[in-house]
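User: Could you take a close look at how the helices pack against one another in this protein? I would enjoy one connected walk through it.

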Amino acid sequence: MTQILVILCFAAVHLRDEYAYASGLSPFTSGAITLAGLGLIWLSHLGAMALFGHRIDRTGSWRAVVAADRATLAANVCGAIWFATFVLVGGLLDGVRALVGDTILLDELLALLIPLAFLAAVWWSYEPIDRRLGEAALIRRLDEGGEVYLPQGRSAFVVRRLRHHVLLSGVPLTIIIGWSELIGWISHAWLSHWPPSAGEALRIAGVLAIFVVSPAIMRRVWGAKYLDGSGIAALVDDMRRLHKVRVRGPLLLPTGGTSVNAAILGVMWPFRYVLFSDALLEHLSPVHIEAVTAHEIAHVRRHHIPWLGALMLSIILLLGGMMGLVIDFWPVSLPAWLVEFTPEIAGMASLAIGALAFGYVSRRFEWQADAFAAAHVSRRAACDVVTPEGALALSDALDRVARLNHMPQDRFFFRHGSIRTRRRRLAALVGTPLDAMPIDQEVSRIKNAIGVMVLLLVVALALLTAVG
Ligand SMILES: [Zn+2]
């Protein structure tokens, strides 16, 4: 979710120039209102965290943890929307430009420091909740005689969150905005005799290239190192060959032992890596790591990221266009303000529906990757149905990951669903033939639907071009 909010803030700053709405507020007033609003949201969050923290201490209730999570999400969403609104219609970026001028990137980055500071402040007030969960896990591990690692402190928590959550999209987006401004400047200064479409094509090509190459940059930003010559490298090598996927790595992500995680970073070889955090390699057994790796490889093998991209693009453009048409051809006359803001309303509504569809599909892709991992472990035991061991390998790994990250199993994640649901679905797979998994059939129906939408979009664009 943090990624979506970071993208929203960057998009607002980037789109400001194309969206020339003047609110009439002075730079000082719009700056003051933006900061006052964010300050108020943060103070409410701080108060809520004190309240929920107290309730956790008193009752030990998971419900208070879930409530604290929701309050944090709500604060982040409200903060990002408040900031984006004041950039787009309140003249916040114009205010920053009045101070430092419209230089490449400087004004944008200065404006973006505001939501960055806000996110840091919200994590700072959330940290006591996370610390309580960590301490509960610590006591449990001491009781069970397991491994123990100590909490790292409040500012380390905030820095880690910023580094792993904000930079992931923040770094590529900063380069993309810089590139766009640079191209605008170059076409203005040197290429004025070129057709405008040439500059635009150059800009889009650069954005795509940055998107594809950014994992190689993030690898360095995070200080992730190749795990050459290790047992895990041999395992990844075998699985790469078995499932015919092209990914580089494995890479070791240093997190100071605080995060148990694995991921595929990037959309295209040779800029696509498989990545394991230090704590994951330390705490998971070989069979768990194999199941987790199979899950990650499934995302590549089943092309989940390109399909999600196609889904978002087609749904947002189709819905936005359709809503615009409906408002244009509405039989009764509409109020003037509604007509004036048609593009904004249609854009926002299609973005919201697109986001919901993204979550729905992303969770099914996650379940398909889980089933793939169960099938991988079962097939290795020469079975053609999912074995209890096959289902348990990933289910146990998820259980351990949740415990080590001190994450409630019922906590709902927008892209992944809850750990509880994933484990329940894995258990239900036992005995299912490997070539007739219900989730595979559901996903192929979803992919067909996305294919139809892409086709509709292509036809609509071709018609638009033909009409001129
Ligand atoms: Zn996944």
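Analyst: Happy to. Two residues are in contact here if their C-beta atoms, placed from the backbone, lie within 7 Å. Please keep in mind that this is a predicted model.

Let us start with the pair formed by α14 and α15. Helix α14 covers residues 388-404 and helix α15 covers residues 419-428, and their axes lie 9 Å apart at an angle of about 165 degrees. Angles over 145 degrees count as roughly antiparallel, and α14 and α15 are therefore roughly antiparallel to each other. Their crossing is left-handed. On the α14 side, the contact is made by Ala391, Leu394, Ser395, Leu398, Asp399 and Ala402, which meet Ile419, Arg422, Arg423, Leu426 and Ala427 of α15. Sorted by class, this contact holds seven nonpolar residues, one polar residue and three charged ones.

With α7 (residues 196-221), α6 packs at about 150 degrees, and the axes are 9 Å apart. α6 and α7 are therefore roughly antiparallel to each other, and α6 passes α7 in a right-handed crossing. From α6, the residues in this contact are Leu167, Leu168, Val171, Pro172, Ile175, Ile176, Trp179, Ser180, Ile183 and Ser187. Facing them in α7 are Gly199, Leu202, Arg203, Gly206, Val207, Ile210, Phe211, Ser214, Ile217, Met218 and Val221. The contact of α6 with α7 divides into 15 nonpolar, five polar and one charged residue.

The other partner of α6 is α1. The axes of α1 (residues 2-15) and α6 (residues 154-189) come within 9 Å and cross at roughly 25 degrees. α1 and α6 are therefore roughly parallel to each other, and their crossing is right-handed. Here α1 contributes Thr2, Gln3, Val6, Ile7, Phe10 and His14, while α6 contributes His165, Val166, Leu168, Ser169, Gly170, Leu173 and Ile177. By class, the contact of α1 with α6 has seven nonpolar residues, six polar ones and no charged ones.

Along the principal axes, its C-alpha atoms fill a box of roughly 65 × 55 × 50 Å.

The protein divides into domain 1 (2-190) and domain 2 (304-467), with 26 Å between their centres. Eight residues of domain 1 are in contact with four residues of domain 2. On the domain 1 side, α3 (62-88) and α5 (106-144) each supply at least two of the touching residues, and that side is made of six nonpolar residues, one polar and one charged.

Most residues other than glycine have a negative phi, and most peptide bonds are trans. Trp269 and Pro270 are joined by a cis peptide bond with an omega of about 5 degrees, and Pro270 sits in the loop between β3 (262-265) and β4 (273-277). His303, although not a glycine, has a positive phi of about 55 degrees, and His303 lies in the loop between α10 (286-301) and α11 (304-328).

Technical notes
Residues numbered from 1 in each chain as written. Predicted model: local features only at pLDDT ≥ 70, side-chain atom pairs only at ≥ 80, totals over all residues. Domains from an automatic or database assignment. Helix = DSSP H or I, 4+ residues; strand = E, 2+ residues; numbered from the N terminus. Nonpolar A, V, L, I, M, F, W, Y, C, P; charged D, E, K, R; others polar. Axes fitted to C-alpha atoms, helices over the stretch in contact; angles between N-to-C directions. Parallel < 35°, antiparallel > 145°, perpendicular 65-115°, else oblique. Left-handed = near helix turned anticlockwise from the far one by under 90°.
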